[in-house]
Amino acid sequence: MSDQIEKVKCLIIGSGPAGYTAAIYAARANMKPVLYQGSQPGGQLTTTNEVENYPGYPEGITGPEMMMEFRQQAERFETDVRDGWITKVDFSGDVHKVWVNDTKEIHCETVIISTGASAKYLGLESEQKYLKLGGGVSACAVCDGFFYRDQEVVIVGAGDSACEEAQYLSKLCKKVTMVVRRDVFRASKIMQARVKNTENIEILYNTETDEVLGDGQVVTGVRVFNNKTNEKHEIPATGFFVAIGHKPNTDIFKDYLDLDETGYIINVPGSSKTNVEGVFVSGDAADHVYRQAVTAAGTGCMAALDAERYLAAKDSEFEVTNMQY
Ligand code: NDP
């Protein structure tokens, strides 16, 4: 068993903008980072069509292409990018232990968590079909709203995110229909007031989605039903936005790290530090407010710098290269 244990100075979990940015900085600081990509290599951006709000790409770039470029940049400085899924951790000792696919054990001096969050979807077959086709289903108005300028869209949800996104969409789109499953909002009063006072937002209460309609390639409408009367009707729309919350991918850390009530890792304000020394967090795993590629990248940079300073202060006795023992 012991000769299978690998010892690394800096392990990065996750391959979105946060993880790759952490890798670029850690690699350039000679920390020999090892990055595990997880179940969705490239992270949430790989489900986005066109990214137009990441600085440095004046013509825009597709999400998958951008993530390939992140990866290439991290590998240019010899980040060891690996396939694999971290299934278990033990942060109880000085050395942080992680297990890959339940088998391979790695001992790490520092760990940077960049596992992100996953948008929740309704789970309807038609919703998933057009999501995969990139044909008009989205969980991010800021990312994709622009493509629906002067068009009609539907948004599902009644929390602060849904209100914020509806408000954002209302500035771009001709009409926004909000589909709310109860007769009340969950959102804060002020956010509710904003959507209620916006002329081109129509709110349908006690309403749920029956089907996302389309022509096989793109969304053309949404069939909804009133859950009190069971009455169905169709709403013409080219975009279907889902804003029913996100789930941070943090389950495996819950026995060791402080999480908030929805599972986001609580970091020391203004830094990437967690409550465990040597364990840092970046990206959406700790951010339910901004959730942008550029903010995730920024916190990835912070995590690598914090990890480097932690190692320097500790006067690390770890070898610089990853090694077997
Ligand atoms: P929330 O969990 O607060 O709200 C989710 C909403 O989606 C609820 O209205 C819920 O309905 C609805 N919903 C859930 N599942 C379904 C479903 N299957 N079908 C239809 N509707 C569904 O998530 P948010 O992402 O809105 O917010 C998360 C956290 O982030 C909150 O603490 C929020 O305050 C915060 N936030 C703050 C912002 C700000 O301050 N600017 C902006 C955005 C988020 P129901 O109410 O019936 O359960």
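**Salt-bridge exercises**

Asp251 is partly exposed at 47% relative accessibility (buried is under 20% relative accessible area, exposed over 50%, partly exposed in between; 1.4 Å probe, protein chains only). This is a predicted model, in which local features need pLDDT of at least 70, side-chain atom pairs count only at pLDDT 80 or more, and totals for chains, interfaces and linings use all residues. Residues are numbered from 1 along each chain as its sequence is written, and side-chain values use heavy atoms, with hydrogens and water left out.

**Exercise 1.** Find the salt-bridge partner of Asp251.

Solution. Apply the criterion: a side-chain nitrogen of Lys or Arg within 4 Å of a carboxyl oxygen of Asp or Glu. Then check Lys247: it is partly exposed, at 39%. Elsewhere, bridges with shared partners join Glu6, Asp80, Arg82 and Lys104 into one network. The structure holds 10 salt bridges.

**Exercise 2.** Describe the bridge between Glu109 and Lys314.

Solution. Start with the distance: the closest N and O atoms lie 3.2 Å apart. Next, place the residues. Glu109 sits in strand β8 (residues 104–113) and Lys314 in helix α7 (residues 293–314), so the pair ties together parts 205 residues apart in sequence. Helices (H or I, at least four residues) and strands (E, at least two) are DSSP runs, numbered from the N terminus. Last, accessibility: Glu109 is buried at 3%, while Lys314 is partly exposed at 37%.

**Exercise 3.** Locate the bridge between Glu202 and Lys175.

Solution. Their closest N and O atoms are 2.7 Å apart. Glu202 belongs to strand β13 (residues 201–204) and Lys175 to strand β12 (residues 175–179), 27 residues apart. Glu202 is partly exposed at 34%; Lys175 is partly exposed at 28%.
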